[in-house]
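Please read these points with the structure open beside you.

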Amino acid sequence: MIRIAKNVTKMTWRNLHHELDKIKTRNSGDVYQCMELNNEQFNIFEMMGIKKPPRDLKTEPKS
C-alpha cells in the first residue's frame, strides 16, 4: 500500500507519513470527532480515491 500511495501521490513515504500523522481525533464528551483535513491531506485522500473521514466518528449515549 505504501508503494501505491507513493506512486499515486508522487510524494515520498516520509512526507506522506508526516502529513497524515497530523490527523487526530478528539473526544468531546460523548462525541468523537475528526479534525478538519488541511489542503494537503484532502489532496492525498482525493488522489488515492479514498473518502475523507467523517467529522463525527462515533457518539455514545450518556450513562
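1. Helices H1 (residues 2-9) and H3 (residues 39-48) pack with their axes 9 Å apart, at an angle of about 105°, and are therefore roughly perpendicular to each other (65 to 115 degrees). Helices here are DSSP runs of H or I with at least four residues, numbered from the N terminus. Axes are lines fitted to C-alpha atoms over the stretch in contact, and angles run from 0 to 180 degrees between N-to-C directions.

2. H1 brings Ile 4, Ala 5, Val 8 and Thr 9 to this contact, and H3 brings Ile 44, Met 47 and Met 48 (contact means heavy atoms within 4.5 Å). Six of these residues are nonpolar, one is polar and none is charged.

3. This is a predicted model: local features need pLDDT of at least 70, side-chain atom pairs count only at pLDDT 80 or more, and totals for chains, interfaces and linings use all residues. Residues are numbered from 1 along each chain as its sequence is written, and side-chain values use heavy atoms, leaving out hydrogens and water.

4. What lines the largest pocket? Its lining includes Met 1, Ile 2, Trp 13, Leu 16, Phe 45 and Ile 50. H1, helix H2 (13-20) and H3 each give two or more residues to the lining. By class, the lining has 11 nonpolar, no polar and no charged residues.

5. Gln 41 lies in helix H3. Gln 41 counts as buried because its relative accessibility is 0% (buried means under 20% relative accessible area, with a 1.4 Å probe and protein chains only). Beyond its neighbours within four places in sequence, Gln 41 contacts Glu 19, Lys 22, Ile 23, Met 35 and Glu 36.

Definitions and conventions: Angles under 35 degrees count as roughly parallel, over 145 as roughly antiparallel, 65 to 115 as roughly perpendicular and the rest as oblique. Ala, Val, Leu, Ile, Met, Phe, Trp, Tyr, Cys and Pro count as nonpolar, Asp, Glu, Lys and Arg as charged, and the others, Gly among them, as polar. On a 1 Å grid over the protein atoms alone, a cavity is a set of points where a 1.4 Å probe fits but cannot get out, and a pocket is an open set with protein on both sides within 12 Å along at least five of seven lines; lining residues have an atom within 4 Å of a point. Buried means under 20% relative accessible area, exposed over 50%, partly exposed in between (1.4 Å probe, protein chains only).
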